[in-house]
Amino acid sequence: MATAIWVLNDQLHQAQAALASHGPGEARVVVVEAEAVLRQRPHLQKQILFWSAQRHFAAELKQAGWQVDQLEAPTHAEALIPWLKQHEISRLLVMAPPDRPIRQAIDRLAQHSDWPCELEWIDNNQFLWTAEEFSRWAGSKKQLRMEFFYREGRKRFNVLMDGDQPQGGQWNFDQDNRKPPKKGLEGPAPLWFEPDAITTAVIEKLQTLAERYELPGDSEPFCWGVTQHQAQQVLEHFIATRLAGFGPYQDAMVSGQPTLWHSLISPYINLGLLQPLAVIRQLEQAGSAQQVPLASLEGVIRQLLGWREFTHGLYHHFGENYSHSNALEAVVPLPQFLHELGGSGMDCVDTVLSELNERGYAHHIQRLMVLTNLGLMAGWNPQAFTSWFQAQFVDAHHWVMQTNVLGMGLWADAGRLGSKPYAASGRYINKMSTYCKGCRFDPTKRSGPEACPFNVLYWDFMARHQERFRSHPRMALMIRQLDRIDASELEAIRSTARGLEWAQPPAA
């Protein structure tokens with residue numbers, strides 16, 4: 001009888017807790033490619049990344065002396081159960097995944113009538129705060145705000161600190177990092193990679209399956225890194241070419257510039273190819289050595305030490321029912337242009353969807369202020385939209401998207417994560433992007449056939465929810481502005497909104 005370790009495809013580092021509990025020769029390692037995951041219709045770029053990175057990691061483990069079996073089957077049960085029996089495995093170790101549905105699926109698998117061994121969960125060590133530590137921090141606080149959690153993390157891990165005070169005399173420099181794009185703004189070229197033989201084999205496999213499962217997105221060119229070494233190269237390229245310029249234009253959106261100064265490291269951290277604290281230490285050290293503007297350095301570190309850890313903590317703290325949140329009673333089905341990754345007629349939306357189609361990627365402001373902003377105001381079903389996000393993005397996992405889409409983007413949790421809805425009109429997009437210049441819609445109009453749908457839906461959204469937000473401390477001002485709109489003009493706005501079929505509830 002023997003011990004085995006099942007390495008999941010978002011746990012791709014040799015210091016992960018299950019591997020760290022044994023050495024090569026003490027346990028057999030198994031990785032699984034189950035075709036069943038394709039039923040969720042993941043973007044081709046995402047699935048290529050996941051399977052290729054997993055295959056590369058299996059090869060690295062073999063080189064390190066581990067005995068590794070790579071299984072391919074229609075389902076996890078069809079892959080694992082015969083393998084466990086064949087090798088007389090008595091004890092299967094799995095590092096607990098951060099995604100709740102994956103853990104539940106594995107627990108169900110272990111209840112299979114033919115399951116032959118003990119399943120043992122090992123605590124996850126991929127985050128700086130455990131779920132238990134986060135819950136102790138949350139305690140009985142009435143409101144959980146990222147800013148205060150982030151400050152606690154800075155102190156706890158001694159990041160950007162002068163003694164017990166923050167470097168520069170303030171905790172964040174967000175106000176310095178919101179510049180609109182200037183004319184001709186271009187970011188440094190990103191670091192991409194050519195597919196090797198392993199990745200090419202994965203691409204070919206998925207291309208044969210793409211039609212059967214109706215997988216969205218382009219499979220080629222595929223340029224993401226798939227190893228720890230390549231992920232580290234991306235981090236170092238970011239530090240050398242993008243870190244200093246990250247801050248000022250991190251909220252800017254520019255046609256033809258899908259990455260600007262963004263780091264592009266989130267897929268690698270979420271797969272385990274980069275370790276968060278090591279990344280933070282490297283950023284802090286390089287920032288000091290290169291005299292990077294503190295606003296840029298702090299802005300990147302806040303996303304890792306603050307937002308990433310905060311949303312992971314909330315995901316587990318809020319529990320399973322959070323996924324069902326729908327405070328605004330949004331019921332509109334997702335429009336076809338989302339499934340087709342284009343064809344809305346709005347240049348901002350179609351630009352973002354086109355870039356998503358090509359790479360499985362959009363930066364955080366495109367996600368928040370274009371995609372989820374539109375879904376919030378149009379009233380798209382939050383569970384369907386969150387599932388769409390999880391399928392489409394190369395850095396998407398269940399724990400990531402529940403809080404980021406349901407909570408921050410769609411305010412479906414009634415403010416448990418963020419105090420106010422991130423609703424914004426076309427005026428914001430016109431200011432912070434170059435998208436509006438060639439668009440057939442007018443960002444200055446809010447009713448009629450030429451009106452920007454973001455303007456139309458912004459005021460329709462405020463009108464629909466005015467009683468809810470009338471006494472809201474951060475929304476009341478907008479409701480007072482709504483009250484000043486002439487009744488005939490408001491009716492024209494709402495009539496225009498009713499003409500947007502993809503933004504209307506189904507008939508009763």
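Student: In which hand does H16 pass H17?

Tutor: This is a predicted model, where local features need pLDDT of at least 70, side-chain atom pairs count only at pLDDT 80 or more, and totals for chains, interfaces and linings use all residues. Residues are numbered from 1 along each chain as its sequence is written, and side-chain values use heavy atoms, with hydrogens and water left out. Helices (H or I, at least four residues) and strands (E, at least two) are DSSP runs numbered from the N terminus. A crossing is left-handed if the near helix is turned anticlockwise from the far one by less than a right angle, and right-handed if clockwise; H16 passes H17 in a crossing that is right-handed.

Student: How are H16 and H17 oriented to each other?

Tutor: Axes are lines fitted to C-alpha atoms, for helices over the stretch in contact, with angles from 0 to 180 degrees between N-to-C directions. The axes of H16 and H17 lie 9 Å apart, at an angle of about 135 degrees. Angles under 35 degrees count as roughly parallel, over 145 as roughly antiparallel, 65 to 115 as roughly perpendicular and the rest as oblique. The two helices, H16 and H17, are therefore oblique.

Student: Nice! Is Gln390 buried or exposed?

Tutor: Gln390 sits in helix H16, residues 382-392, and is in contact (heavy atoms within 4.5 Å) with His398 and Met401, among others beyond four places in sequence. Buried means under 20% relative accessible area, exposed over 50%, partly exposed in between (1.4 Å probe, protein chains only). With a relative accessible area of 19%, Gln390 is buried.

Student: How many disulfides does the structure hold?

Tutor: A disulfide is a pair of cysteine sulfur atoms within 2.5 Å. For Cys452, the closest cysteine sulfur is that of Cys436, 6.1 Å away and too far for a bond. Both are buried, Cys436 at 15% relative accessible area and Cys452 at 9%. The number of disulfides in the structure is 0.
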